[in-house]
Amino acid sequence: MASMSFFDAVHRLWAETMAGFWRGGDLGSLLGAVNHDQQLKRRFVEDPGAVLAERGVRLPEGITLKVLENTSTTLHLVLPPLVTLDESTEAAK
Amino acid sequence: MRANPLRAAITRACTDAAFRSRLIADPKAALAEEGLTVPEGVEVVVHEPQDDALMIVLPAQNEAQLQARETIPPEGPVAGVPTGLTLTWCERELTAVGRIDSATAPALRQALTRYFGDMWLNLADVTYLSSAGIAALLAAHKHLADHQSTLFLVNVPDPVRNVLDLVGLSDAFEILEPVSPYIVPATFGYPIV
């Protein structure tokens with residue numbers, strides 16, 4: 001089996017994430033809208049808080065939103081938290 | 001179904017601390033371990049999650065789709081689908097419920113070939129796929145490919161997968177499993193509940 005090209009992998013990761021995310025409520029529909037509205041996208045990158053407020057999406061107290069944009073030469077990856085399965089977490093169960 | 005090396009790397013970075021460190025220090029070398037070659041001139045920036053900030057990554061603009069002026073389906077149920085199948089759009093995802101047979105396949109084909117831009121077809125509740133259904137999927141696949149777009153099949157149930165396997169078409173379609181909510185941050189930051 002041929003290995004997947006870099007751009008295919010990036011496109012697919014996006015597709016895999018969006019599958020099931022479209023129905024993710026306000027944020028899902030905002031991300032959908034951003035994909036086909038260039039002006040909204042610019043504003044979302046520059047001032048995400050304002051766009052969220054317009055759409056009635058509320059973030060938890062003390063949390064800010066950062067919007068990163070991939071380009072044809074830059075890929076951003078945000079890692080999930082590291083899971084550590086040590087004895088203390090086992091004992092806590 | 002082809003495994004996505006990028007997804008594999010992110011998943012591994014959740015539990016393998018040494019790999020995670022390598023991914024942050026030298027993303028290209030770490031991704032190469034998972035069989036992914038980052039092209040010359042492309043920079044990969046790896047972000048650690050932060051306690052006080054959510055990070056959302058937007059995909060790069062697909063210039064080809066933009067020039068082709070991608071079209072967006074209207075939200076909600078598709079009208080005029082024969083009994084036995086219901087079709088509902090939610091953003092770019094079309095959810096099919098019921099049987100895709102010679103009576104209902106034309107409606108599916110019409111729904112998917114009326115628009116373009118990447119589309120997701122959710123087949124979780126499809127109980128039957130006939131040869132007419134396969135023809136409809138192929139027509140949609142070709143229509144979107146002609147517009148530099150992709151048809152993704154999501155949540156393909158076993159009976160449907162078996163049919164696609166039997167006719168040797170599993171690899172013709174982009175079949176994908178949604179990522180678990182846990183690795184959603186990899187692309188979009190944390191889901192906001």
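Colleague: In the predicted model, in which sense do strand β2 (residues 74-78) of chain A and β1(B) pair?

Modeller: This is a predicted model. Five bridges join β2(A) and β1(B), and the sense is parallel.

Colleague: Is β2(A) largely enclosed or largely open, and why?

Modeller: Take the strand residue by residue. It has five residues, and four of them are buried. So the rest of the structure leaves β2(A) largely enclosed.

Colleague: Which element of chain B gives the most to the side that touches chain A?

Modeller: The contact takes 49 residues from chain A and 58 residues from chain B. On the chain B side, the elements giving two or more residues are α1 (5-15), α2 (17-25), β1 (43-47), β2 (53-58), β7 (151-154) and α8 (185-188). With seven residues, the one that gives the most is α1(B).

Colleague: How many residues on that side of chain B are nonpolar?

Modeller: Sort the side of chain B that touches chain A by residue class. Eight residues are polar and 12 are charged. The nonpolar ones number 38.

Colleague: What is the order of elements in chain A?

Modeller: Chain A has five helices and two strands. Buried residues make up 33% of its 93 residues. Read from the N terminus on, the order is α-α-α-α-β-β-α.

Colleague: Which element of chain A has the lowest mean pLDDT?

Modeller: Chain A averages a pLDDT of 77, and 80% of its residues score at least 70. Helix α3 (residues 38-46) of chain A has the highest mean among the elements, 89. Where pLDDT is low, predicted coordinates should not be read in detail. The lowest mean, 51, belongs to helix α5 (residues 87-92) of chain A.

Colleague: What distance separates the centres of domain 1 and domain 2 of chain B?

Modeller: The domain assignment gives domain 1 as 5-58 + 181-188 and domain 2 as 63-176. Taken over C-alpha atoms, the centres are separated by 31 Å.

Colleague: Which residues touch the most other members of the largest nonpolar core?

Modeller: The core holds 63 residues. Consider B:Leu121: beyond its neighbours within four places in sequence, its contacts are B:Leu94, B:Ala96, B:Leu112, B:Leu151, B:Leu153 and B:Val154. The residues that touch the most other members are B:Leu87, B:Ala96, B:Leu108 and B:Leu121.

Colleague: Which are the edge strands of the open sheet of six strands in chain B?

Modeller: The sheet's order is β3-β4-β5-β6-β7-β8, with mixed pairing. An edge strand here pairs on one side only. That gives β3 (76-77) and β8 (174-176) of chain B.

Colleague: What is the bridge partner of B:Thr88 in β5(B)?

Modeller: Strand β4 (residues 85-90) of chain B runs antiparallel to strand β5 (residues 93-100) of chain B. Six bridges join these strands. In β5(B), the partner of B:Thr88 is B:Thr95.

Colleague: Does B:Thr83 count as buried or exposed, and why?

Modeller: B:Thr83 is in the loop between β3 and β4 of chain B. B:Thr83 has 9 inside 10 Å, so the residue counts as exposed.

Colleague: How far apart in space are B:Thr83 and B:Gly117?

Modeller: In sequence, B:Thr83 and B:Gly117 are 34 residues apart. C-alpha to C-alpha, their separation in space is 28 Å.

Notes: Residues are numbered from 1 along each chain as its sequence is written. Chains are lettered from A and ligands numbered from 1 in the order in which they are written. This is a predicted model: local features need pLDDT of at least 70, side-chain atom pairs count only at pLDDT 80 or more; totals for chains, interfaces and linings use all residues. pLDDT is the predictor's confidence in each residue, from 0 to 100. Helices (H or I, at least four residues) and strands (E, at least two) are DSSP runs, numbered from the N terminus. Domain bounds come from an automatic or database domain assignment. A residue is buried if 20 or more other C-beta atoms lie within 10 Å of its own, exposed if 12 or fewer, and partly exposed in between; C-beta atoms are placed from the backbone. Two residues are in contact if their C-beta atoms, placed from the backbone, lie within 7 Å. Ala, Val, Leu, Ile, Met, Phe, Trp, Tyr, Cys and Pro count as nonpolar, Asp, Glu, Lys and Arg as charged, and the others, Gly among them, as polar. Two strands pair if DSSP finds at least two bridges between them. A nonpolar core is a set of buried Ala, Val, Leu, Ile, Met, Phe, Trp, Tyr and Cys residues joined through C-beta atoms within 7 Å.
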